[in-house]
Structure formats: C-alpha cells, structure tokens
Amino acid sequence: MMGEDYFLLIKELCVQFGTFVAVDHVNLAVKNGETRVIIGPNGAGKTTLLDLITGKTKATSGTIEFNGHQLIGKSTSHICRNYCVGRKFQGPNVFGELTVQENMKLALMGGKSFFQCLFQKNTSEEENRIRRALEAVNLLEYEGIRAASLSHGQKQWLEIGMVILQDAQLVVLDEPTAGMTAEETYKTGEMIKKNLADKTVLVIEHDMDFVRQIAETVTVLHHGKVLAEGTFEEVENNPKVVQVYLKQEEEA
C-alpha cells in the first residue's frame, strides 16, 4: 500500500464513541487523480470516515496523510484552507436567500468574512471563474436567481459548482446524487468525470448505476471495517458484498 503514487494514505484509522467503534482499523490508499467510491450499508462508517479526513471528527488512533501532510489533529478550516480539500455534504448546503452567483462568490472568497464576500467587487478574472464553474454544472442561466428557487437537483449541482470553484486537490462528496432523478444522476456523473478528472475524488454513494458510471475503484465498508475493494465488477460479484449490502439495496 505504500508508495509515492498515493495522494491519500490512511493507516489503521479508528474512532470510538463510548463503547461504539464507528471506524475500525481502516486502511485506504488512493492515487493522485483517482475517483474512489465508498459504499456500504447504513451505519457502516462511511460519513464518519469523511468526517475524519476533513477534520470534523477526531480520530481515536491511526494516521491520515494527504499529499505529504498529516491531517490528524488539524481543524476543518485548516485542512480546507492549507491543504486544498473541498467537501460537499450530504444534501444541499447552500444559502437559499442568496443568488446562485452570490453563493459562488462565497465559495470563491472562503477565507474572508460573509460581509466582505458579499460587498467586495469581483475582479474580471473572478467573474470569469464563477461563470465557467456555473457553466460546468448547467447553472449559468440561473446565476441571478435565489438559490431557494432551484430544484433539489440543481441545489446539489450548485454545491458541486462551489467545490469546483475552490479548485480543491482532494474533493470529498457525500451522496452527491441523493434525491435526484435518474436523468439528473447521470448528468451529475458526467459533470464529475469532466470537471474533476484531474482531481483526487472521494465519493460516498448508494446508487449503483452512478457508482458504475464514475468509480475507478470501489471500497466497501461494513461495521466500520473494509469488507472488500476493487473495480466495480469485482465488488459487484464479491459474495460477501452481495450478502451484506447489494442484496439489501435491491430489496430496498
């Protein structure tokens, strides 16, 4: 698992809440520019793993190294600002009363205060960056409307656009297609493949068609442990994965 090609290297990562072990000695190695999808039943530890990587939750033990930097013990803001890690949380997380363009402006100027972001005039280069990012997520024609007026899927796209605009080197997406139609889900996969092709991308997802569409490697978590890992086809045909996860998803 060791090697210079690995951009994100997690070793023996554990987190325990009281007597409950949410993440149990997880090892994960993700290459630079790879799109890795993490799947597993509810309660498998998927979102907790993302929380650990982005500094939202403190690890009990283990290490997380990203691009040569140790992330354990660092705050969320420090990790985002200094190590170029961007995250989209589960469900839309945008400012509904602000316009689409204003939401993008906040993402672009994330190191400044809320009022500085809103009242400071963008440079022409910043305006161009915002427009390119909005075009990438099919929202350029909506830039002047309030984010609250967007459909659920469009709000998800807006947040993806905000992550794209931040030019993060590690992009973490927690169920980016939750609540989307099949058509929106497919378009989201194409957005990710086209606009994040040069980034290291870590995705949690339940939609197996979407996983098949974007994943280079799939990691399966179960009870906080890595159950299996491989290509989509390898994971799809793994008897253990079928038993504990895929069969449940089909029944659901």
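The sulfur of Cys84 lies 8.2 Å from the closest cysteine sulfur, in Cys80, so the pair is too far apart for a bond. A disulfide needs two cysteine sulfur atoms within 2.5 Å. By this rule the model has 0 disulfides. The model is predicted.

**Cysteines**
- Cys84 has a relative accessible area of 33%, so this residue counts as partly exposed.
- Cys14 counts as buried because its relative accessibility is 8%.
- The cut-off for buried is under 20%.

**Chain overview**
- The chain holds 10 helices and 10 strands.
- It has 252 residues, and buried residues make up 50% of them.
- The accessible surface of the chain is about 12,300 Å². Carbon and sulfur atoms account for 48% of that surface.
- Take the contacts between residues at least 6 apart in sequence: 65% of them join residues at least 24 apart.

**Helix pair H6 and H7**
- Helix H6 spans residues 152–165, and helix H7 spans residues 182–195.
- Their axes come within 11 Å and cross at roughly 5 degrees.
- Angles under 35 degrees count as roughly parallel, so H6 is roughly parallel to H7.
- On the H6 side, the contact is made by Gly153, Trp157, Ile160 and Ile164.
- On the H7 side, Glu184, Lys187, Thr188, Met191 and Asn195 take part.
- By class, the residues of this contact are 4 nonpolar, 3 polar and 2 charged.

Conventions. Residues numbered from 1 in each chain as written. Predicted model: local features only at pLDDT ≥ 70, side-chain atom pairs only at ≥ 80, totals over all residues. Heavy atoms only, no water. Buried < 20%, exposed > 50% of the residue type's maximum accessible area, 1.4 Å probe, protein only. Helix = DSSP H or I, 4+ residues; strand = E, 2+ residues; numbered from the N terminus. Contact = heavy atoms within 4.5 Å. Areas by Shrake-Rupley, 256 points an atom, 1.4 Å probe, with all protein chains shown as cover. Axes fitted to C-alpha atoms, helices over the stretch in contact; angles between N-to-C directions. Parallel < 35°, antiparallel > 145°, perpendicular 65-115°, else oblique. Nonpolar A, V, L, I, M, F, W, Y, C, P; charged D, E, K, R; others polar.
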